[in-house]
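Please read this report alongside the sequence and the coordinates. It moves from the interface between chains to local features within each chain.

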Amino acid sequence: MAILELRDVSLQVNSTLILNGLSMEFESGYVQAVVGPNGAGKSTLASLIMGLPDYRQYTGDILFEGKSIKNLNVDERARLGITLAWQEPARFEGLKVSQFILASARNKDKKEVDRVLEMVGLEPARYHARDVDKTLSGGERKRIELASILAMKPRLVMLDEPDSGVDIEAIDRIFEAIDYLKKDGTTVLLITHSPKVLEKADQAFLICHGTLVDQGKTSKIMEYFRGKCLPCPHKNVPEINSAAIVGGKI
Amino acid sequence: MTEDLVEEILESVNLHRSFNKDTPHLIINANQVLSSHQVDGLIMEPEELPDGVRARLRVKKGVKIGSPVHLCFGLLPERGVQHIIMDIQIEDEAEVSFMAHCTFPNAVNVEHLMEAQIKVGRRAWYSYFERHWHSEEGMVRVVPVARIELEEGAHFSTEFELLKGRVGLIDMDYLTVGQAGSSAEMKARIFGRQDDRIKIKEAAHLMGEGSRAALTTHIAVKNKARAEINNEIIAEAPYARGHVDCKEIIQDDGIARAVPVVEVRNPKAHVTHEAAIGSVDSKQLQTLMSRGLSEEEAIDLIIQGLLS
Ligand SMILES: Nc1ncnc2c1ncn2[C@@H]1O[C@H](COP(=O)(O)OP(=O)(O)O)[C@@H](O)[C@H]1O
Ligand SMILES: [Mg+2]
């Protein structure tokens, strides 16, 4: 069964069409990826599903577990079990790691903080009392974000570029955390333009210019990374630049 | 009778259970010295005035006072003026830290005026933490003025916290003048509500080579409260370093203004400042809301972080 369904979703910002008639179904309990070149509209799609204030004016509909979430705010969507890890997580001056994690946690026991920090490979005793601010490295900050999501136990999580700004060791920990989430029955949506992250997915969607180009098994979508054949009309040319043209949809 | 007053003051600052009478301390209600205890090397000479207390405090050369010196300045009646005049001298290489509580639990209309002259000797170490406890509704006018002289290698830090109860009006004016190798840190954390008025001036003059200063002011204002921060660092000497940090979050009809002044008179000195004023950061807010916190819960947590 689809946990999340997009029906002909389009978003226009200042007369530019950023998402163009997207219809997609995300299966419950699987890891799925949304891939596409820079500027394809992946982060926009995640923001729109989360219901962020600047992304509420879409046409079409989004159904979560069969019900429209169109009129719900960010926090109402979160309480249904939808959450998002930003590509660049926010920093919170003066807020302790433990306070930050407990704020999201379902189980408000301090032990929960230890549990989820261990799951992302951060030694609890060393991180509890640290501030969630610029003194943390990008990789640490991203892992703490994941820890807070593990404590939240969402039904659906979107991870926007989970490997960006992260060193090799942290990437492995982040991948492990994705496995934990899956084991817990959380549906994971990886938003990425990295083949390495795509490999973690069972299924994938390829979008370019806000348009769905192809979807299917990860192995099939991975082909687009290999066949760097034709130049893409995009200015930012990533690995899968040619995808849209190969797909013949644009 | 005096015992009861001591008890009442300690209770208002939540110390009635943990307070140990053998720790060095000075407890004042209005213009009356209720209790004091000094230890070796620490000399306290309080003198009652018609409207307050004048106190001379001295830490003798090289003496390191092991536990923090507790100072409680209270005004238990609903109305009144309390004038505190402090003359503090920390002699060379001495070390002391103060834990000060200013408490006006029943205030309807109270004025607390503090004038301090502080001299921190060569390589001496001074730290002062001041927490205010105000009543929920009453009007308290707090006007602290401090002039601080730091000799070579002296360290001075002071932190002012006013989070409990209404601010009323605060008009703070601190100035440090630092000789070579000295360091000054001043911090203020204040939460203004209703029609509170907050005026802060922290200033540091870096006169000596390699002297340093960091001025931090974090303020939140809501309802119709207003805040004005005028922090200033003037660096005169080579290798002097300074940083001014003002952060203010406003909600409702609050108004905040920050005027950081930095002046550098030597090409080898370096001073920076950052000021951020605005409503709660939207990314922080949305992050917390995406974890299921309501908007109010998220704002409270962000402000708690700013003022922590
Ligand atoms: N709030 C916005 N206003 C205007 N343009 C936007 C806005 N957000 C995104 N865009 C544009 O939409 C396109 C898709 O951006 P984005 O979703 O960030 O792409 P991706 O995450 O796939 O790299 C880009 O061309 C970007 O410049
Ligand atoms: Mg993106």
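What follows describes a predicted model, beginning with the contact between the chains.

## Interface of chain A and chain B

In this model, 29 residues of chain A are in contact with 22 residues of chain B. The size of an interface is often given as the accessible area lost when the parts come together; here the area buried between chain A and chain B is about 1,900 Å², with carbon and sulfur atoms giving 58% of that figure. On the side of chain A, the residues that lose the most area to chain B are A:W86, A:F92 and A:E93, which together account for 27% of what that side buries.

Polar interactions also cross this boundary, where the rule finds 10 residue pairs in polar contact, both residues of each pair being at pLDDT 80 or more. The elements of chain A that give two or more residues to the side touching chain B are α2 (74-80), β6 (82-85), β7 (92-96), α3 and α6 (138-152). Sorted by class, that side of chain A has 17 nonpolar, 5 polar and 7 charged residues.

## Salt bridges

Side chains of opposite charge can pair when their charged atoms come close. A search of the whole structure finds 33 salt bridges over all chains, and the count between chain A and chain B is 2. In one salt bridge, the side chain of B:R291 meets that of A:E145 at 2.8 Å, taken from N to O.

Another salt bridge joins the side chains of A:R79 and A:D75, with an N to O distance of 3.1 Å. Both A:R79 and A:D75 belong to helix α2 of chain A, where they are 4 residues apart, or about one turn of the helix.

## Packing of α3 and α4 in chain A

Two packed helices are described by the angle between their axes and the distance between the axes. For helix α3 (residues 97-104) and helix α4 (residues 110-119) of chain A, the axes come within 9 Å and cross at roughly 100°, which means that α3(A) is roughly perpendicular to α4(A).

The contact is made by A:V97, A:S98, A:I101 and A:L102 from α3(A), which meet A:K110, A:V113, A:V116 and A:L117 from α4(A). By class, the residues of this contact of α3(A) with α4(A) divide into 6 nonpolar, 1 polar and 1 charged.

## Backbone angles in chain B

Most residues other than glycine have a negative phi. Where in chain B does B:A30 lie? B:A30, with a positive phi near 50°, lies in the loop between β1 (25-29) and β2 (32-37) of chain B.

B:Y239 is likewise not a glycine, and has a positive phi of about 65°. The position of B:Y239 is in the loop between β17 (232-235) and β18 (241-250) of chain B.

Notes:
Residues are numbered from 1 along each chain as its sequence is written. Chains are lettered from A and ligands numbered from 1 in the order in which they are written. This is a predicted model: local features need pLDDT of at least 70, side-chain atom pairs count only at pLDDT 80 or more; totals for chains, interfaces and linings use all residues. Side-chain values use heavy atoms; hydrogens and water are left out. Axes are lines fitted to C-alpha atoms, for helices over the stretch in contact, and angles run from 0 to 180 degrees between N-to-C directions. Angles under 35 degrees count as roughly parallel, over 145 as roughly antiparallel, 65 to 115 as roughly perpendicular and the rest as oblique. Contact means heavy atoms within 4.5 Å. Ala, Val, Leu, Ile, Met, Phe, Trp, Tyr, Cys and Pro count as nonpolar, Asp, Glu, Lys and Arg as charged, and the others, Gly among them, as polar. Buried area is the accessible area (1.4 Å probe) that two parts lose on being put together, summed over both. A salt bridge is a side-chain nitrogen of Lys or Arg within 4 Å of a carboxyl oxygen of Asp or Glu. A polar contact is a pair of N or O atoms within 3.5 Å; within protein, one must be able to donate a hydrogen and the other to accept it, and residues adjacent in sequence count only if both atoms are side-chain atoms.
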